[in-house]
Each structure stands twice: as C-alpha cells, then as structure tokens.
Amino acid sequence: MARLKVKLPKIGMTMEEATVVRFCRQPGEAFHRGDPIYEIETEKISQEVEATAEGVMVEHSVAEGDNVAVGEYVCVVDTSD
C-alpha cells in the first residue's frame with residue numbers, strides 16, 4: 001500500500017477552486033477504482049471525483065463546505081499498486 005495525498009483536479013479550463021460538498025468515503029472505508037471518493041461544486045458544475053485505484057480512505061485534509069484551490073490536498077488515501 002502507498003499513502004497518497006489526493007489533490008483537487010482542474011476539471012475546466014477556467015476552474016481555479018471548488019467547494020468540497022461531501023466526502024463519499026469516511027476514514028477507514030475501502031473503495032475500488034472508479035468509486036466516488038468526494039463531491040465538488042463550482043459555479044458551473046457539480047461532480048463526483050472518482051478513485052483512480054483501489055484503496056482505503058485515511059483522512060480528510062479539508063472539511064465539507066471548504067473552498068479548495070486547484071492542486072490543494074483534499075484527502076489522504078492508501079492505495080494498492
């Protein structure tokens with residue numbers, strides 16, 4: 001397992017920040033590749049961010065309702081290679 005910090009991705013060309021609406025996985029919960037791990041909202045969209053690998057949520061780095069800049073850490077996960 002590898003501990004990874006998950007960053008807020010840039011979804012649109014003009015996106016600079018988003019609000020973390022909710023976490024779909026709580027610390028200690030497992031997830032599979034493609035499962036939603038958190039949901040974000042911008043002025044234009046609302047979207048779930050999916051896991052790119054199988055793993056376990058370790059911690060949330062921000063709170064639900066926080067505004068987060070693109071590239072800022074949202075959560076920490078342990079993933080299998």
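## Tyr38 and its surroundings

Leaving out residues up to four places away in sequence, Tyr38 touches Val6, Lys7, Leu8, Pro9, Arg22, Phe23, Cys24, Gln47, Glu48, Val49, Val74 and Cys75, where contact means heavy atoms within 4.5 Å. The model is a predicted one, in which local features need pLDDT of at least 70 and side-chain atom pairs count only at pLDDT 80 or more, while totals for chains, interfaces and linings use all residues. Residues are numbered from 1 along each chain as its sequence is written, and side-chain values use heavy atoms, with hydrogens and water left out.

Tyr38 lies in strand β4; helices (H or I, at least four residues) and strands (E, at least two) are DSSP runs, numbered from the N terminus. Tyr38 counts as buried, at 0% relative accessibility, on a scale where buried means under 20% relative accessible area, exposed over 50% and partly exposed in between (1.4 Å probe, protein chains only).

## Aromatic rings

A search of the whole structure finds one aromatic pair. Phe23 and Tyr38 form this pair, which is tilted, with 6.2 Å centre to centre and 50° between the planes. The pair links distant parts of the chain, since Phe23 is in strand β2 (residues 17-23) and Tyr38 in strand β4 (residues 36-41), 15 residues apart. Rings of Phe, Tyr and Trp (its six-membered ring) pair if their centres lie within 6.5 Å, and planes under 30 degrees apart count as stacked, over 60 as edge-to-face and the rest as tilted. Phe23 also counts as buried, at 5% relative accessibility.

Another ring, that of Tyr73, has the charged end of Lys5 over it, 4.9 Å from the ring centre. A charge sits over a ring if NZ of Lys or CZ of Arg is within 6 Å of the ring centre and within 35 degrees of the ring normal.

## Cysteines

The whole structure has zero disulfides, a disulfide being a pair of cysteine sulfur atoms within 2.5 Å. For Cys24 the closest cysteine sulfur is that of Cys75, at 10 Å, which is too far for a bond. Cys24 is buried at 13% relative accessibility, and Cys75 is buried with a relative accessible area of 0%.

Gly55 is placed in strand β6 (residues 55-60) and is buried, with a relative accessible area of 6%. Leaving aside neighbours within four places in sequence, Gly55 is in contact with Glu29, Ala30, Phe31, Asp78 and Thr79. Gly55 and His32 are 23 residues apart in sequence, and their C-alpha atoms are 6.5 Å apart in space.

Ser80 is found in the segment after β8 (73-79) and is partly exposed, with a relative accessible area of 33%. From Ser80 to Val56 the C-alpha distance is 9.0 Å, across 24 residues in sequence.

## The largest pocket

The largest pocket has a volume of about 310 Å³. Of the 15 residues that line this pocket, Met15, Glu17, Thr42, Glu43 and Lys44 are the closest to its centre. Strand β2 gives the most to the lining, with three residues.

On a 1 Å grid over the protein atoms alone, a pocket is an open set of points where a 1.4 Å probe fits, with protein on both sides within 12 Å along at least five of seven lines, and lining residues have an atom within 4 Å of a point. Grid points are joined across faces, edges and corners, and a volume is the space filled by probe spheres set on the points.
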